[in-house]
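The sequence and structure come next.

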Amino acid sequence: MTDMSADTISVPAQWRAQHPTTPHLTGLLDYHTLYKESIHFPSTFWAKQARELLSFTQDFHTTSIGSLENGDNAWFVGGGLNACFNCVDRHAIQDPHRAALIYEPDDPADGSRIITYGELLRHVSRLAGVLRGRGVKKGDIVTIYMPMIPEAVMAVLACARIGAVHSVVFAGFSAEALGDRIQDANSAVVITTDEGRRGGRTISTKRVVDEAARECPQVTTVLVYKRTGADIPWMAGRDLWWDEEMKQYPAYTPPEVMDSEDYLFLLYTSGSTGKPKGVFHSTAGYLLGAAVTGKYVFDIHPQDRFFCSGDIGWITGHTYVVYAPLALGCTSIIFEGTPTYPSHTRFWEIVQKHACTHFYGAPTAFRLLKRSIAKENLQNIDTSQLRVLGSVGEPIAPEVWKWYYDFMGNENAVVTDTYWQTETGSHIIAACAGVTPMKPGSATLPCLGIDLAIIDPVTGEELKGNQVEGVLAIKQPWPSMARTIRGNHDRYMDSYFNVYKGYYFTGDAAFRDQDGYYWIRGRVDDVVNVSGHRLSTSEIEGAIIEHPGVAEAAIIGVPDELTGQAINAIVSLKNDQTPETTAKELVIKVRTTIGPFAAPKKVLVVRDLPKTRSGKIVRRILRKALTGENEFGDTSTLADPSVLDEILEAVASS
Ligand code: WTA
């Protein structure tokens, strides 16, 4: 690639020279060679990677079966392994004193805590004993509702150790949303804390669990880790203190041998239709996706200290706080707080304090910090150990990319913008650290084993060659793809495989430029991305319509300088309603039904919504009205075109 376009930034010359060991890839050619092998000989490639990066107690006999068309994919068939053994035991055996986790509490004055691999093995073993003691068996789903503390990682690993499937629910979800997830998963055991701390504030995790569990009669155990020591309500028999239970169980519990295809976890995510879907990931395939991308995208080595600021409640936390760093035996930083507490330089301070080699965060935080930080604020902070900077969750604008490269990495660390999804399990498009020439704003090139396609949304035909734009799809199975949606395999087929036959449909649009680089344009479905949180407009609409005063509602994601997209609600009310009061109630309704992060930034009350004669709300027009466009295309299909003027007036005066 000698004729790369002008916007390319090459890997800094000193990057390799300053590398503490040897990078996993020696150059771009290495990537291309491996990539070609991974696409043309996927079985050979993946079998080799699996045997090299994972420890199986029983070797697999078949690398992969199934097709995207039939949605029946299985990997490393016949293999036996345990994910917890892979993430903990094998490193504890080799080097028990190596730090596995470093806990950085919300308040830096509280001091950090190091947990070695040896200690982690003992904690996880005991917790595994506790879970077994409460009747958890292989295949049972345990719900985890915890803040970002090491015990959350232990909870995840303890489930994996005994073959229980973990379902982590983000601790920002409301009691109602948590209850739905506990119910859907049919969990008898929920793990939580008395409270949590975030950005100097208290989060009442146990109270939320109590409220959620009221609707879930099958919950027999709520295991509570004491984080703050607050006085909390207690239900004798059901509620148990973590510390007291742990004392009763031995410090070694043997790991359960799992089939490669046994589910490792369930994670709920938003889709096009209202109800959140519980996505199941497999043991071997998922773990391999984490390990391979950890190795080649992030260039992780055992000596590294990897700081991913994503929450364990989302896929980023699963794959890049827990599974990738631990499978590769490095140290993972567990940060409980927020980027702005106690000051806007918190990330830099953590990087300095723990000599982090990697930092992985979201553009929404970068945009916020970019506004509030001057170079002088960083003068006395040493972040020179940083080698790789990752970005995830939403497109990163070129000027934010450049700011990140400069302010966080001093132009010494490389930036990898990683595009992927809950369903893909691990990165799909990303620069391989230290080898891929970077382009600010582009996620760059496909990851190993990922065969991408750009499809014309109208004809459904694949667009070959470069300089093409369309919907992004994947045309070969890969190990860490989700295996099903809990209780609804048909929905799994319809969401991902029946849209374009033979392809996995991502739901995103993308452009492939003249150099074969990918530029993600955003979702083409009803999913919006607010501060990196994936939300479904129809789910929010569902919550709003439950308000008795609402006649009709539409939720639109509009561009927002800070949060990427923001939620706007446009509603028409029944006659007897006071608009101001109802608007406030609707915000509260969304907060309690889903969680504060889904609350509309703006609620516009209008007389009527733009509808076709058959009564279908025309969202396209609403989106344009809300973003200040005045070219509406054909409005003759509207049942009552005059509503448009009223909406424009409402927007102008809002
Ligand atoms: C978006 C998060 C642009 C995308 C890992 C995707 C991105 C959705 C990027 C998945 C990126 C994620 N550039 N867009 N680097 N990463 N997205 O399941 O729309 O929470 O479909 O997984 O986030 O969100 P999810």
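On a 1 Å grid over the protein atoms alone, a pocket is an open set of points with protein on both sides within 12 Å along at least five of seven lines, a cavity is a set of points where a 1.4 Å probe fits but cannot get out, and lining residues have an atom within 4 Å of a point. The second largest pocket is lined by 13 residues, and nearest its centre lie Y31, H32, Y35, L445 and P446.

The model is predicted, so local features need pLDDT of at least 70 and side-chain atom pairs count only at pLDDT 80 or more, while totals for chains, interfaces and linings use all residues. Residues are numbered from 1 along each chain as its sequence is written, and side-chain values use heavy atoms, with hydrogens and water left out.

**Pocket and cavities**

Helix α2 (residues 28–40) gives the most to the lining of the second largest pocket, with six residues. Helices (H or I, at least four residues) and strands (E, at least two) are DSSP runs, numbered from the N terminus. By class, this pocket lining has seven nonpolar, four polar and two charged residues. Ala, Val, Leu, Ile, Met, Phe, Trp, Tyr, Cys and Pro count as nonpolar, Asp, Glu, Lys and Arg as charged, and the others, Gly among them, as polar.

Five cavities of 30 Å³ or more are found in a search of the whole structure. The table gives volumes, each being the space filled by probe spheres set on grid points that are joined across faces, edges and corners.

| Space | Volume |
|---|---|
| Second largest pocket | about 240 Å³ |
| Largest cavity | about 100 Å³ |
| Second largest cavity | about 40 Å³ |

The largest cavity has 15 lining residues, of which V292, T293, H427, C447 and L448 lie nearest its centre. Its lining divides into 10 nonpolar, five polar and no charged residues. Helix α10 (residues 284–296) gives the most to this lining, with four residues.

Around the second largest cavity, the lining includes V168, V169, F170 and F173, as well as R181 and W314. By class, that lining has seven nonpolar, one polar and one charged residues.

**The ligand site**

The ligand is surrounded by 17 residues, the closest being T418, T422, D508, R523 and R534; a residue is near a molecule if one of its heavy atoms lies within 4 Å of it. This shell divides into six nonpolar, six polar and five charged residues. At least two shell residues come from each of α11 (315–327), β20 (414–418) and β26 (518–523).

Three polar contacts can be described (pairs of N or O atoms within 3.5 Å). An N or O atom in the side chain of R523 lies 2.7 Å from an oxygen atom of the ligand. A backbone N or O atom of G393 is 3.1 Å from a nitrogen atom of the ligand, and a polar backbone atom of E394 is 3.4 Å from a nitrogen atom of the ligand. The ligand has 520 Å² of accessible area on its own, and the protein covers 95% of that area; accessible areas come from the Shrake-Rupley method with a 1.4 Å probe.

**Annotated segments**

An unreviewed UniProt entry lists residues 31–87 as "domain: Acetyl-coenzyme A synthetase N-terminal". Over residues 31–87 the chain is 47% helix and 18% strand, with the end C-alpha atoms 26 Å apart. The UniProt annotation "domain: AMP-binding enzyme C-terminal", also from an unreviewed entry, covers residues 539–616. Over residues 539–616 the chain is 28% helix and 33% strand, and its end C-alpha atoms are 17 Å apart. Such annotations may be inferred rather than shown by experiment.

**Backbone details**

The peptide bond from Y341 to P342 is cis, with omega near -10°. P342 is in the loop between β17 (331–335) and α12 (346–353). N186, a residue other than glycine, has a positive phi near 55° and is in the loop between α7 (175–185) and β8 (189–193).

Definitions and conventions:
Polar contact = N/O pair within 3.5 Å; in protein donor to acceptor, adjacent residues only side chain to side chain.
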